[in-house]
Amino acid sequence: YFWVRAICSDQTRSEWSQPIDFYTGYCVGNSSMNVYIRAIRTTGDFTNLDYYTLTRPENNYADLTRSQVLTLRAGGSGTIYFENNQSATRSAFLWVDWNQNMVFDYQELLLNFNQSINAPLTIPANTPPGRYRVRMVSFQSNSQNRSMVYNLCSTNALYSIVDFTLVVEQPCSVPTARMEG
C-alpha cells in the first residue's frame, strides 16, 4: 500500500489519501482451463529441467522459479519437451524476460511450439550472464485464444502457465598456450 498527500507550502499540507493498493511483480493470470502443462523437460548442453505434475495448479499458474532452474551457457543449445495432461492439440510459447522488466514482450518470445512437443532451444551467444525468468504458456489451439498470446494476464483466455528460472553462464573459452623453444 501507499498513501499520497500534497505539500502546498511549508505550512500547508493536504490530508493523506486512502491507502492505494498496487502490485509489483509478474502477472500471474487466471484460467479455468482443465488442460494444464503436465511436464517440461530439457536435454542438452546444460543443467536440465525435469518438471512433472499430476494435478492442475491453482488458476492454471505454477511459479516454479525457485525449484526449477535451467542452466545454460550463452550460445548453448539443446531440446525442450512439454506435454499437457490431455492429448488434445495444443500450442505452447516460451518467453524469456531478457530485459528483466517483469513483462514478457513480443521480442522476448523464444519459441513457438506449433503442434509439436519437442523443440530446439538455443540461447543467443551474446546473452549476458545472469538469472532470467522464463514463462511457458500452453494455449488451446484455436484462433480466439491464440490471439491472446500477448495478453498473458487475461482472465478469459484458456491457457496454462509455468514459470521457471534460466541461469545463463559465460561460454567456456579454450585456453591458449604459447610454447617457445
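**Chatting through the model**

A: Happy to! Let's start with N112, which is partly exposed, its relative accessible area being 38%. Please keep in mind that this is a predicted model.

Q: Which strand does N112 lie in?
A: N112 is part of strand β8, which covers residues 109-114.

Q: And how far apart are N112 and V137 in space?
A: Their C-alpha atoms are 9.7 Å apart, while in sequence N112 and V137 are separated by 25 residues.

Q: Good to know. What is the mean pLDDT of the chain?
A: The mean is 81, and 79% of the residues reach 70 or more.

Q: Which elements have the lowest and the highest mean pLDDT?
A: The lowest belongs to helix α1 (residues 143-146), with a mean of 48. At the other end is strand β3 (residues 50-52), which has the highest mean, 92.

Q: Let's switch to salt bridges. How many does a search of the whole structure find?
A: There are 5 salt bridges in the whole structure. One of them joins the side chains of D63 and R133, with an N to O distance of 3.4 Å.

Q: Why does the D63 and R133 pair tie together parts that are apart in sequence?
A: Because D63 sits in strand β4 (residues 61-63) and R133 in strand β10 (residues 130-140), the pair ties together parts that are 70 residues apart in sequence.

Q: Are those two buried or partly exposed?
A: One of each! D63 is partly exposed, at 43% relative accessible area, whereas R133 counts as buried at 16%.

Q: Which other residue forms a salt bridge with R133?
A: That would be D163, and the closest N and O atoms of this pair are 2.9 Å apart. This pair also links distant parts of the chain: R133 is in strand β10 and D163 in strand β11 (residues 159-169), 30 residues apart.

Q: What about R135, which residue does it form a salt bridge with?
A: R135 forms a salt bridge with D163 too, the closest N and O atoms being 2.7 Å apart. R135 lies in strand β10 and D163 in strand β11, so this pair ties together parts that are 28 residues apart in sequence.

Q: Are R135 and D163 buried or exposed?
A: Buried. R135 has a relative accessible area of 0%, and D163 also counts as buried at 0%.

Q: Which residues are linked in the network, then?
A: D63, R133, R135 and D163 are linked in a network of salt bridges.

Q: How many bridges join β1 to β6?
A: 7 bridges join β1 to strand β6 (residues 77-84), and the two run antiparallel. As an example of the partners, A39 has E83 as its bridge partner in β6.

Q: Last one, about the surface. Which residues make the nonpolar patch?
A: F2, V4 and I20 make a nonpolar surface patch of about 210 Å². I20 lies in the segment before β1 (37-44), and I20 counts as partly exposed at 33% relative accessibility.

How values were computed:
Residues are numbered from 1 along each chain as its sequence is written. This is a predicted model: local features need pLDDT of at least 70, side-chain atom pairs count only at pLDDT 80 or more; totals for chains, interfaces and linings use all residues. Side-chain values use heavy atoms; hydrogens and water are left out. Helices (H or I, at least four residues) and strands (E, at least two) are DSSP runs, numbered from the N terminus. Buried means under 20% relative accessible area, exposed over 50%, partly exposed in between (1.4 Å probe, protein chains only). pLDDT is the predictor's confidence in each residue, from 0 to 100. Patches are made of residues with over 30% relative accessible area and no salt bridge: like charges are joined within 9 Å, nonpolar side chains (Val, Leu, Ile, Met, Phe, Trp, Tyr) within 5 Å. Accessible areas come from the Shrake-Rupley method with a 1.4 Å probe; for residues, only the protein chains shown count as cover. A salt bridge is a side-chain nitrogen of Lys or Arg within 4 Å of a carboxyl oxygen of Asp or Glu. Two strands pair if DSSP finds at least two bridges between them.
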